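Hi everyone, thanks for making time this morning. I'd like to walk you through one structure, so please have a look at it while I talk.

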Protein chains: 2
Amino acid sequence: MTERIQKKEYLNKIMTAMEAASLIKDGMTIATSGFTPAGYPKEVPKALAERIKREGTGLKINLFTGASVGDELDGELARAGAIKRRLPYQTQKDCRDKINCGEIDYIDMHLSHVSDFVRYGFLGKVDIAIIEAIAITEEGYIIPSTSLGNTPAFVENAEAVIIEVNTRHPKELQGMHDIYQPLKPPNRKPIPIISPKDRIGDTFIKVKPDKVKAIVLSDIPDSVKSFPSIDETSQQMADNLIGFLENEVKKGRLPENLLPLQSGVGSVANAVLGGLVKSKFCNLSIYSEVIQDSVLDLIDSGKVNIASGSSLTLSPKGMERFCNNIKEYKSKIILRPQEISNSPEVIRRLGVISMNTAIEVDIYGNVNSTNIMGTKMMNGIGGSGDFTRNAFISIFTTPSTAKAGSISSIVPLVSHCDHTEHDVQIIITEQGVADLRGLSPKEKAKAIIDNCVHSSYKDMLREYFNKQMNKCHISHRLDEALSWHYKFLQTGTMKNS
Amino acid sequence: MTERIQKKEYLNKIMTAMEAASLIKDGMTIATSGFTPAGYPKEVPKALAERIKREGTGLKINLFTGASVGDELDGELARAGAIKRRLPYQTQKDCRDKINCGEIDYIDMHLSHVSDFVRYGFLGKVDIAIIEAIAITEEGYIIPSTSLGNTPAFVENAEAVIIEVNTRHPKELQGMHDIYQPLKPPNRKPIPIISPKDRIGDTFIKVKPDKVKAIVLSDIPDSVKSFPSIDETSQQMADNLIGFLENEVKKGRLPENLLPLQSGVGSVANAVLGGLVKSKFCNLSIYSEVIQDSVLDLIDSGKVNIASGSSLTLSPKGMERFCNNIKEYKSKIILRPQEISNSPEVIRRLGVISMNTAIEVDIYGNVNSTNIMGTKMMNGIGGSGDFTRNAFISIFTTPSTAKAGSISSIVPLVSHCDHTEHDVQIIITEQGVADLRGLSPKEKAKAIIDNCVHSSYKDMLREYFNKQMNKCHISHRLDEALSWHYKFLQTGTMKNS
C-alpha cells in the first residue's frame with residue numbers, strides 16, 4: 001500500500017468505492033481519465049451505478065472523458081440511466097443506444113479541443129475529476145495509468161479529485177508519461193516537440209492536496225478486446241495503402257523512412273500496421289493516439305524506433321507481452337495528453353501521415369466518419385479531424401461495400417459530413433487507391449469511381465455522375481443526392497431492384 | 001530605375017511585358033503573387049492574354065496564386081480562355097463563370113495548405129513564378145509589394161521567375177513584410193510567433209539570380225473596390241457580435257482586450273470592424289489575412305496596436321490615406337506569408353477569435369461557405385477553415401435570409417459542407433446569436449431556430465425539426481433534407497406556396 005501511495009497524509013483519504021461514489025450528486029459534471037479504452041476509473045463508476053439502482057433517485061451526471069472508456073464506466077452508468085450529457089467520444093453499446101434514442105445528449109468533439117474547452121470555461125464547471133493512477137508519490141503527485149487523455153486539464157480544473165489507485169497495472173509504467181499543459185492564450189508558448197521522441201514535460205500530475213477528496217483502491221484490468229484475425233478485404237486495403245506509400249517514396253515525395261504515422265483503431269488499422277511489419281520500410285516512427293498490440297509487433301521487428309500516443313491500449317495478451325519486456329518498450333513508447341498527441345501544431349510540424357477509417361465517402365471526396373445513413377451515431381469523430389486536417393498526407397480507408405454488399409461506401413453525397421473535400425487527400429478501398437491531391441471535384445469523382453467503387457455500384461455511380469458532370473464545377477441533382485440512403489432505409493439495399 | 005532595381009546585373013533583364021509573356025508556354029504551371037486582391041502581377045498576364053487572343057493558339061496554363069487577384073490576371077486570362085486549372089481561391093466574375101460551366105478545373109483549397117503542397121511536390125512542377133515587387137535590392141533580393149501570399153514558396157520552388165517591379169506602390173512598403181519559410185518535415189521547427197507583433201523573418205525574398213528570366217516595369221494600381229455603406233442588416237449583425245464578445249468578457253471567458261481578431265472580407269466584416277471602433281474595447285490586436293480600410297480606422301482610433309495579415313487590401317482612398325501616414329501605419333502592420341498568417345499552429349497558440357461569413361448554415365451547425373444551392377461556386381473556402389478549425393472561438397455570420405427573403409440561410413441540411421458541426425461554435429444573424437458550445441445536435445437545432453432564423457421560416461424549420469427530433473441524436477428525413485434547396489431551384493423560393 002505505502003509503495004503505491006507514498007504520501008502519508010493521503011492514507012487517511014482511502015475509502016471504499018461506495019463511499020467515494022457518495023460524493024457524486026445529481027447534476028454534477030464528472031470528468032474522468034480514460035482513452036480508447038485504457039486507464040479509465042472502474043470501481044467508483046461501478047459503485048455509483050449500483051447506488052443509483054439501489055436508491056432509485058434518478059441521479060444524472062454530465063460525463064466527460066478522454067475518449068472511449070470501458071463497460072465499467074460508460075456501460076454501467078448508461079444502463080443505470082445516469083448519463084445526461086456525454087463528451088467527447090464513446091464506443092460502448094448501451095451508451096450508443098441511449099445516444100441514438102435521444103436519452104443522452106452527446107457532444108461529438110475533436111479530441112484536441114476538449115482540454116482547452118474545459119480550461120476556457122466553455123463547458124461549465126467540472127465538479128469532480130475521477131482519475132485512475134498507478135501510484136501517488138511522496139509529494140502527492142499522481143502517476144497516471146495506461147492513458148493520459150484529458151487527465152491533466154481535468155485535475156487542474158476540477159473542484160475535487162477522486163483517485164483510483166489500480167494495483168493491477170505494473171508500477172513500472174511510471175516514467176512513460178510526458179505531461180505538458182499549454183498556458184491559456186495570450187500566454188501560450190510553442191509546444192517544443194520537433195520529433196516524436198521528444199519529452200517536454202513531467203512524468204506526474206500535480207494536484208493541490210486539499211482537492212483530493214478520496215482515494216479508492218482498484219484491481220480491475222482495462223477491458224481491451226483482442227482484434228479478430230485480418231480478413232481478406234482488410235488485407236487488400238492494407239496492401240493498397242502500403243503500395244501507395246512505397247510509390248510516394250519512389251516519387252521523392254516521402255523520405256525512405258516515411259514520416260511519423262498516425263493510425264486509427266480497428267481491423268484495417270491493425271492490418272496496415274501488420275503490413276508494415278512485413279514491408280521493407282524501417283526506422284519508422286509513430287505519432288498517434290493509441291498504442292495497440294500491433295505497435296508492439298513493429299517495435300519487436302525493429303521497424304519502429306519510437307511510438308508516441310495518448311494510451312496504451314493492449315489486449316490481455318498484449319499487456320502480458322508488454323510486462324515481460326517492459327524496460328525495452330518503455331524506452332520506445334511515450335504517453336502524452338491528448339491535446340499534445342492530437343495537437344494541430346505538432347501534427348503539421350512533424351508531417352504526420354494520417355490513416356483513418358471512413359463510414360462512407362462521396363464522389364467529391366467528403367467523408368462521413370460518424371453517422372450511419374446520416375442519422376445513427378456510430379462512435380464519433382475522435383481524433384480523425386485533428387490528424388486529417390493537419391496531416392502531411394491524409395488517407396481514409398473503407399471497404400467499398402458494407403452489409404454484405406447492400407450498402408455502397410461510395411455514394412453520390414455523404415449523408416453526414418465530418419471531413420470536407422478540402423481535407424481529404426487519399427481514398428483507399430480494397431478495389432484501389434484514389435489520389436485526390438490537386439484535382440478538381442469532377443476529376444476527384446472520376447478518380448474515386450474508377451479506382452475505389454465496387455463493381456456492383458460502378459455503373460450506377462457513373463450514371464449519376466455523368467448525368468451531373470456536364471458543364472459544372474460540383475453538381476448534384478438535389479432530389480437524388482441522398483436517394484441511395486433513402487432507398488436503403490426503405491428497401492434494405494442501395495442496389496437497383 | 002536604379003532606385004527600384006538596385007542590382008546592376010538585373011538591368012539587362014528588363015524587357016517588355018509581351019517579351020516576358022512569350023516565356024509562357026502551353027501547359028505550364030504559372031504561380032503568381034497576389035492575395036485578396038493585392039500585390040498580383042498585372043502587365044505580364046495582360047500581355048499574355050493579348051498574345052493568346054492575337055495568336056489564337058489556344059494556349060492554356062495552370063494558375064496558382066495566393067488568393068483572389070484582380071481583373072488584369074484572373075479576368076483577362078479567363079476571358080482569353082487561358083486557364084485550365086485554377087487554385088486556391090478566386091472572386092473574379094469571368095473566372096467564376098468558367099469554373100461553374102466546367103471550363104476551368106478549380107481546386108478550392110485551404111489557403112494555409114498551398115505553400116506546403118507546392119513544397120512537397122503534390123501539385124507538380126511550377127514552371128514560372130510571376131511576382132509583383134516594389135524593388136529589387138543590391139543583392140538581388142525581391143521586396144514584395146502589397147501582399148505576401150504564397151510568394152516565398154513559389155519563388156523557391158519555381159524553375160524560373162519573372163518580376164514585375166510596380167512603381168505605383170510606395171517604396172516605403174519596404175520593411176513591412178516578415179518572411180519566414182518553414183522547412184520540410186522532418187526538419188520543421190516551431191514557428192516562433194507568440195504575439196501578433198512578433199517579427200520572425202526577413203523583409204525580402206531571396207532568389208537565385210539565374211532563375212530570374214525577366215523583369216517588367218509596371219505602374220498599374222491594385223484594383224481594390226471600396227465597400228458600400230453599411231446596411232441595417234449588417235449593422236445589426238455587427239451589434240450582435242460585439243454584444244456577444246462583451247458578454248464573454250463579462251463571464252470571464254475572454255480578457256478585456258479580447259484576443260487577436262480574424263475577420264473575413266465583406267460588408268459584414270466591415271461593419272464588425274467599424275463597430276469595434278465605436279465599442280469600449282481597446283488595446284486590440286488583429287491576426288488575420290487581409291488588412292482592409294477598416295483596420296486603418298481601428299489603428300487611427302487607437303483601438304488596435306498591431307495588425308498582422310497577408311495583404312494590404314486598401315481601396316484607392318484607403319491607399320492614399322495609408323501613404324499620407326505611412327510611417328505610423330508601418331509600425332503597426334506586418335505582412336506575412338499566408339502559411340504563417342493562416343497557420344493552425346499560430347492561430348491556436350494566439351487564441352484567435354475567428355469571424356467569417358456563411359452562405360448557409362443548417363440546424364445542426366454545419367456551414368456552407370462556398371457553393372450556392374450546393375452546386376454553384378461562389379468564391380471558395382479561402383482561409384475560413386484555417387481559422388475556424390483552430391480558433392479560440394469560431395464565429396459565423398450570415399443574414400437570416402437572402403434573395404429578398406426567398407432563401408432562408410438556415411436550412412435543414414447544408415447543400416455543401418465546408419465547416420462541420422465539430423468546428424462551428426457561434427452563429428450570428430441579424431435576428432440574434434446561437435452559442436453552440438457544449439450542446440448536443442438537438443440542443444444546437446433549438447438554439448439556432450430560436451435565435452437566428454427569420455420569422456418567415458421559423459415555423460417551417462420548427463416543423464421539420466419537431467418531426468425529426470423525437471428520440472434521436474441527429475435525425476433527418478433524407479427525402480426532405482435537401483427539399484428546401486430543390487424547391488428554390490424549381491420555384492424560385494424556399495417558402496411554402
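**Starting from a lysine**

Let's begin with Lys184(A): leaving out residues up to four places away in sequence, Lys184(A) touches Arg119(A) and Tyr120(A). Please keep in mind throughout that this is a predicted model. If you want to find the lysine on your screens, look in the loop of chain A that runs between β7 (158-166) and β8 (212-218). How far apart are Lys184(A) and Arg119(A), in sequence and in space? Along the chain they are separated by 65 residues, while their C-alpha atoms sit 7.6 Å apart.

Thr36(A) counts as buried, because its relative accessibility is 11%, and the cut-off for buried is under 20%. Which residues surround it? Setting aside neighbours within four places in sequence, Thr36(A) is in contact with Ala67(A), Ser68(A), Val265(A), Val290(A), Ser311(A) and Thr313(A).

As for handedness, α2(A) passes α3(A) in a left-handed crossing. On the α2(A) side the contact is made by Pro45(A), Lys46(A), Leu48(A), Ala49(A) and Lys53(A), and α3(A) brings Glu72(A), Leu73(A), Glu76(A) and Leu77(A). What kinds of residue are these? In the contact of α2(A) with α3(A), 5 are nonpolar, 4 are charged and none is polar.

Finally, let's zoom out to the two chains. Two copies of a chain are related by a rotation about an axis and a shift along it. In our case, chain A is superposed on chain B by a rotation of 180° with 0.0 Å of shift along the axis, at an RMSD of 0.0 Å. That is the relation of a two-fold axis. Which residue of chain A comes closest to the rotation axis? It is Glu345(A), with its C-alpha at 2.0 Å. Both copies use the same surface, too: 100% of the contact residues of chain A recur in chain B.

Key
Residues are numbered from 1 along each chain as its sequence is written. Chains are lettered from A and ligands numbered from 1 in the order in which they are written. This is a predicted model: local features need pLDDT of at least 70, side-chain atom pairs count only at pLDDT 80 or more; totals for chains, interfaces and linings use all residues. Side-chain values use heavy atoms; hydrogens and water are left out. A crossing is left-handed if the near helix is turned anticlockwise from the far one by less than a right angle, and right-handed if clockwise. Helices (H or I, at least four residues) and strands (E, at least two) are DSSP runs, numbered from the N terminus. Contact means heavy atoms within 4.5 Å. Ala, Val, Leu, Ile, Met, Phe, Trp, Tyr, Cys and Pro count as nonpolar, Asp, Glu, Lys and Arg as charged, and the others, Gly among them, as polar. Buried means under 20% relative accessible area, exposed over 50%, partly exposed in between (1.4 Å probe, protein chains only). Copies are superposed by least squares on the C-alpha atoms of residues with pLDDT of at least 70 in both.
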